[in-house]
Structures are given as C-alpha cells and as structure tokens.
Amino acid sequence: MKAQEWIELLQLKAHPEGGYFREIYRSDERIPVDALPGRFKEGRKFATSIYYLLDKNDISAFHKIKQDEIWHHYDGKGCEVFIIFKDGSLIVKKLGLDVANDCSPQIVVPRNTWFAARNLDKESFSLMGCTVAPGFEFDDMELAEPQGLLAEYPEHAELIKQLS
C-alpha cells in the first residue's frame, strides 16, 4: 500500500510535530497522581498507543515527552530516530524491518530526551505505532524551540536546523 491509502484507511490526521496520527488505544484504568513520579501533575491512564505515519519528506520535529515511548514499525522503508540526551550525546536508531542493515522493528525513546525522526528513504514512507506508559497527554509533550535547542546543543546545529 501507499502512504495516502494508509492515511485514508486508518483515518490519520495531521500531528503537531509533523506526519499523521490517530490514537488507537487509551486504557480505561487510571494511575492516581500520588502513584506517579513528581513530573506528573495529575493522574494518567495506564497506557496509550497511536498509529503514526511519515510520508516522504515529512519529519517528526524535535520534541520530548515525560514518558518512555516505544516505536513499532509496520510498513514502508523505515525511519531514523535521532535522540539527544541531556549531556549532549546523540544516538541514531533505525526503525524498520531491514534488520540486516541495522534496523530494528521496535525501538525505545527514553523519557525527557529530545528526539526527532525522518524517513530513511525520501521516496517512501514509514507506518509505525507508538506506545506510551503511563498514558500520553498532550501536556506531556514539549516541542523544541529551535533557537533554544541550538543554544543548548550547538554541536548538533545542522541536525537541529533540519528537524525543527
């Protein structure tokens, strides 16, 4: 299938960080705020998951969330996920089914790290799933302000400019 077919069949909508998404799961049980780490100001659902698609030159712009996020690959050529840690170190994880070429069908993005993604093949797409626990709320996400990120991590200036 092609990206546009997936977008239509899965009823995906534009995502604020780039690409397309639709929430497909939100647990019906809730974790009370006093059982969560202090970074959470109110309770959260046990877990949430979405479909997420990047088409051709789409990017997932640099952002961070308060939880670990597990990415799963479903279709397309795959993508590379860039993760910047607080100490400025950068790792690149390849998400996809081409395991012989350093891809993995599942990766984890650690909480509170800046991360962004783009397709490995600009002529293709990546259909993925993202699972978050405790469950994701939009106030858990911080989109990077490019100038602030550049000031904090000047060694990654070119990448930040491309993915912000």
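Predicted model: local features only at pLDDT ≥ 70, side-chain atom pairs only at ≥ 80, totals over all residues.
**Exercise 1.** Work out where Thr113 sits and whether Thr113 is buried or exposed.

*Solution.* Start with the chain: Thr113 lies in the loop between strand S11 (106–109) and strand S12 (114–119). Next, check the surface: the relative accessible area of Thr113 is 5%. The cut-off for buried is under 20%, so Thr113 counts as buried. Leaving aside neighbours within four places, Thr113 is in contact with His63, Lys64, Ile83, Ile84 and Phe85. Take Ile83: it's 30 residues away along the chain, yet the two C-alpha atoms are separated by 6.5 Å.

**Exercise 2.** Find out how many residues of S12 are buried, and which strands it joins by bridges.

*Solution.* Count first: 6 of the 6 residues in S12 are buried. Then sort them by side. In a regular strand, side chains alternate between the two faces of the sheet. Here one side holds Trp114, Ala116 and Arg118, while Phe115, Ala117 and Asn119 are on the other. Finally, look at the partners. S12 runs antiparallel to strand S8 (residues 79–84), with 6 bridges, one of them linking Ile83 to Phe115. S12 also pairs with S6, again antiparallel, over 3 bridges; Ser60 has Ala117 as its partner there.

**Exercise 3.** Describe the largest pocket and its lining.

*Solution.* Begin with volume: about 250 Å³. Of the 19 lining residues, His15, Ile50, Glu69, Phe136 and Phe138 are the closest to the centre. By class, the lining has 10 nonpolar, 4 polar and 5 charged residues. Last, which strand gives the most? That's S5, with 4 residues.

Definitions and conventions. Residues numbered from 1 in each chain as written. Heavy atoms only, no water. 1 Å grid on protein atoms, 1.4 Å probe; cavity = no way out; pocket = protein on both sides within 12 Å on 5 of 7 lines; lining within 4 Å. Points joined across faces, edges and corners; volume = space filled by probe spheres on them. Helix = DSSP H or I, 4+ residues; strand = E, 2+ residues; numbered from the N terminus. Nonpolar A, V, L, I, M, F, W, Y, C, P; charged D, E, K, R; others polar. Buried < 20%, exposed > 50% of the residue type's maximum accessible area, 1.4 Å probe, protein only. Contact = heavy atoms within 4.5 Å. Pairing = 2+ DSSP bridges.
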